[in-house]
Structures are given as structure tokens and as C-alpha cells.
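Student: Could we go through this model together? I would like to begin with the ligand.

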Amino acid sequence: MKSIEIGILGCGIVGTGVAKILIEKQDLLASRIGARLHLKHVADLDTTTDRGIDFDDGVLIPDAEAVLNDPEIDIIVETIGGKGIAKEFVLKALKSGKHVVTANKALLASFGNELVGAARESQVDLAFEASTGGCMPVIKALRESLVANRIERMVGILNGTCNFILTKMSKEGCSFDKALKEAQELGFAEADPFLDVEGHDSAHKLAILGALAYGMEINLEDIHVEGISKITPMDIEFAKEFGYTIKLLAISKNNTGTVEARVHPAMIPSSSPLSHVEGSMNAVTIDGDATGQTMLYGHGAGMMPTASAVVGDIADIARNIISGTRQRMPILGCPESNVRTIPILPVKEISTPYYFRFEAADEPGVLSRISGILGDCGISIKIVHQKGRRSNGSVPVVMITHHAREESAQKALKQIAALDAIMDEPVVIRIENNDN
Ligand code: HSE
């Protein structure tokens with residue numbers, strides 16, 4: 001039986017999971033693939049920590065260059081993370097004719113076009129199922145299973161840390177800081193949790209999915225990003241009263257000539273499937289013109305779910321190697337000449353319903369001044385709610401609007417915030433229904 005030689009760079013959580021699967025499931029994988037996946041080397045500066053794996057002598061080494069320069073190695077697995085040395089190693093591997101599997105969403109979102117170019121040049125495969133949604137096969141779904149569809153819209157819960165925090169705040173009424181600390185202890189937050197809670201990790205993943213769904217270049221720069229650090233238990237409670245759940249969503253829509261791509265907290269109907277995605281779980285709904293809505297759900301992080309996706313990619317490449325093909329699957333879902341540069345619609349041009357909360361002085365005429373400004377800006381109010389005077393004399397005035405343009409909403413909010421009767425920065429959360 002043919003042996004495919006594999007080298008892993010980085011033996012942290014995901015690298016360890018990949019090594020475990022390759023060692024412990026070698027017979028199962030060999031029987032399914034028809035070739036033996038042989039873990040030749042794992043490179044990590046730390047070769048002493050007990051990872052619960054019985055490596056053969058000489059497998060775990062501190063020298064990544066030795067792995068990259070080993071002519072016998074067919075596939076490099078990059079599980080270092082980040083955009084520094086990982087980029088250097090991936091480029092080196094691709095340029096030297098080795099196939100690469102990576103789970104590194106930050107790297108792909110920032111330098112994906114360059115890496116895809118290097119892979120094409122060397123005619124090798126670059127696979128990244130684990131980069132987005134952990135074990136959910138969303139890359140494969142977009143590139144292969146849904147190929148017959150024009151993708152109209154994708155809405156994803158793509159960051160387990162944020163979903164865990166929001167679920168905990170919603171169920172237990174606990175503070176943002178307490179929930180974040182627990183997410184970090186459970187190990188699915190990024191080394192720098194800013195990337196999670198401020199929405200950048202979700203944006204990395206959306207940039208990758210957008211490219212595959214719409215046949216466009218990876219474009220992280222133009223994705224509008226807002227995080228969840230300003231979400232309060234009060235807004236979560238108001239959302240519930242209106243029949244909504246707050247989630248951090250990665251949203252993209254296929255307009256004519258442009259796409260929408262944005263990450264922000266949003267209220268979604270509590271009856272919608274995505275609102276039932278709880279804890280650190282991930283999910284994405286994909287609307288195709290032939291399929292209607294499809295939903296994928298699964299563990300978006302964690303050692304074994306992520307490793308499962310990495311090994312799935314290794315198996316794909318191994319099958320290509322056995323059958324003598326390279327780049328059977330175009331990396332971004334269509335041949336290079338068909339990958340287009342599609343502009344992302346500036347967020348000020350989107351239209352959506354809104355939730356506003358104003359901390360207003362409880363005195364005559366305030367509501368009419370607020371609604372006057374909204375009316376002047378062309379924003380139609382659907383629901384107004386005022387409840388619970390505070391000790392400082394302010395009351396939360398909560399409004400749900402009909403669809404309005406973002407530019408108009410921002411203009412109105414600026415004017416309302418400047419009123420003497422408004423005592424705090426207005427809160428604005430977009431509402432994402434199935435029909436917008
Ligand atoms: N920090 C990420 C998350 C890990 O919380 O979802 C998986 O990409």
C-alpha cells in the first residue's frame with residue numbers, strides 16, 4: 001500500500017489532535033483512502049510537554065525547517081496559527097511543491113490570494129476546511145455540493161467564543177467579563193480574545209466563505225466589523241420581550257454587481273433555527289437558488305472537531321495523489337481566470353430594520369423630538385416601548401423600526417445623541433429577519 005508522508009508544523013491543540021487521529025486511526029484511514037497516511041514529523045519548539053501521544057523516536061522534533069526540507073514529505077499541515085512565521089512556512093512549503101493543509105483563518109483572510117497564487121504556480125493543493133466553522137464541512141459544501149446554486153445569502157454564527165458569551169449572558173444574566181473568562185478557560189477563545197469579541201475572527205471566516213460562495217477574491221479589508229463587547233444584559237432582555245435573540249452574525253448577500261459582507265451583533269427571531277444555536281456551537285445557513293435554505297451545524301472549535309476537518313483535507317489530497325491528479329478542485333471554487341473582484345457594498349448603503357435604545361430624561365416632549373428626528377431622516381417606527389424609570393430620572397426608550405438605510409439611521413442617531421434629554425450613547429442593534 002502506498003504511503004503518504006505527512007509533516008505537522010505546530011503541536012498545540014489542533015496539531016496534537018491531528019497527530020492523535022493520524023496515529024490512532026491509521027488503519028481506519030488506510031482502509032478508507034487506500035493509502036497509508038504516515039506521520040513522519042511533528043515540529044514544535046516545545047518537545048517536552050506530555051501531549052498524551054506516544055510518538056515514535058524522532059517524530060517530534062524542534063526544527064520546522066527540517067520538516068519543510070524533507071523531500072519525502074508530501075503534505076505539510078500548518079497548525080501554528082497567526083500571520084507571522086506560519087505565512088513564511090506555508091509559502092515555503094507551497095513553493096517547494098508540497099501540498100498544504102491549514103486551519104489558519106487569519107492567515108487565509110489576510111494573505112489568501114497570495115497563498116492561492118503560490119499554490120497554483122506550483123500546482124499543489126492548499127486546503128483549509130478547518131479554518132471556518134471547525135468540523136462543519138462548509139468549505140466542501142460551497143465548493144462541491146452546492147456548485148449548482150447561485151448563493152443568494154449566507155448567515156453564520158462562526159465564533160464559538162462570542163456565541164458562548166451571548167448564550168451565557170442570556171441564560172444566566174451574567175456579565176460579559178465573567179462569560180469571557182469562562183470561554184478562555186474552556187480553550188476555544190483565541191490567544192488574543194480581542195479577535196473573538198470584536199468580531200475579527202468571524203470576519204476572517206466570512207472573507208473565506210464569501211470568496212467561495214461568490215467566486216470572488218478574498219477581501220477582508222472591506223468587511224464591516226463590530227463586536228459584542230458593548231452588548232448589555234438589558235438589551236438582551238429587551239430583545240427577548242420583542243421575540244428576538246442577540247447573536248454575533250457573519251452576514252453576506254449576493255446583490256447585483258456587489259455583495260454585502262458584514263459582521264455585527266444582530267437580533268434574530270427567537271423562532272429561527274440560528275437562535276437555537278447555543279454555547280460554543282457554530283452554524284451557517286446558506287440560501288441557494290436551487291436548494292432554498294440549507295443549514296450546517298457543528299463544533300466550530302476544539303481539538304478533535306477541528307482535527308477531524310484537517311484530516312478530511314489530508315484524505316482529499318491523499319486521494320488526489322493516489323489517482324495522480326493535482327488541484328482537481330480549484331482552491332477558491334472556480335478556475336483562476338474566473339475569480340472576480342466584486343466590490344463589497346459600503347455598510348452605509350445597506351437597509352435593515354433596527355433596534356434603538358435611548359437613555360432619555362423622563363420629561364414632556366422627549367419622545368416627540370426623537371420620533372421627529374427619525375421621521376425627518378425617513379425612518380419609520382414600528383414599535384415604541386418605554387419602561388422603568390431609573391434613579392437618575394432617565395428611562396430606556398426602546399424602538400424597533402421598519403427597514404431603513406444605514407446612512408439615515410446613523411444620521412438620526414447622531415442628531416438624537418446631541419439632544420439635551422439624551423443621557424447616554426444610543427444603542428443600535430440591527431435586526432436580521434429571513435426577509436432582509
Ligand atoms: N476562537 C475561535 C472561536 C476558534 O471562538 O470560534 C475557532 O476558530
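Tutor: A polar side-chain atom of T161 is 2.6 Å from an oxygen atom of the ligand, a polar contact being a pair of N or O atoms within 3.5 Å. This is a predicted model, in which local features need pLDDT of at least 70 and side-chain atom pairs count only at pLDDT 80 or more, while totals for chains, interfaces and linings use all residues. Residues are numbered from 1 along each chain as its sequence is written, and side-chain values use heavy atoms, with hydrogens and water left out.

Student: What lies 2.7 Å from an oxygen atom of the ligand?

Tutor: That is a backbone N or O atom of G160. For K105, a side-chain N or O atom is 2.5 Å from an oxygen atom of the ligand.

Student: Which residues come nearest?

Tutor: Among the 13 residues around the ligand, they are K105, G160, T161, E190 and D196 (around means a heavy atom within 4 Å).

Student: Now the sheet. What is the strand order?

Tutor: The open sheet has six strands in the order β3-β2-β1-β4-β5-β6, with parallel pairing. Strands are DSSP runs of E of at least two residues, numbered from the N terminus, and two strands pair if DSSP finds at least two bridges between them. At the edges, β3 (60-61) and β6 (126-127) each pair on one side only.

Student: How many bridges join β1 to β2?

Tutor: Seven bridges join β1 (residues 3-9) to β2 (residues 36-43), and these strands run parallel. I4 has L37 as its bridge partner in β2.

Notes. A polar contact is a pair of N or O atoms within 3.5 Å; within protein, one must be able to donate a hydrogen and the other to accept it, and residues adjacent in sequence count only if both atoms are side-chain atoms. Helices (H or I, at least four residues) and strands (E, at least two) are DSSP runs, numbered from the N terminus.
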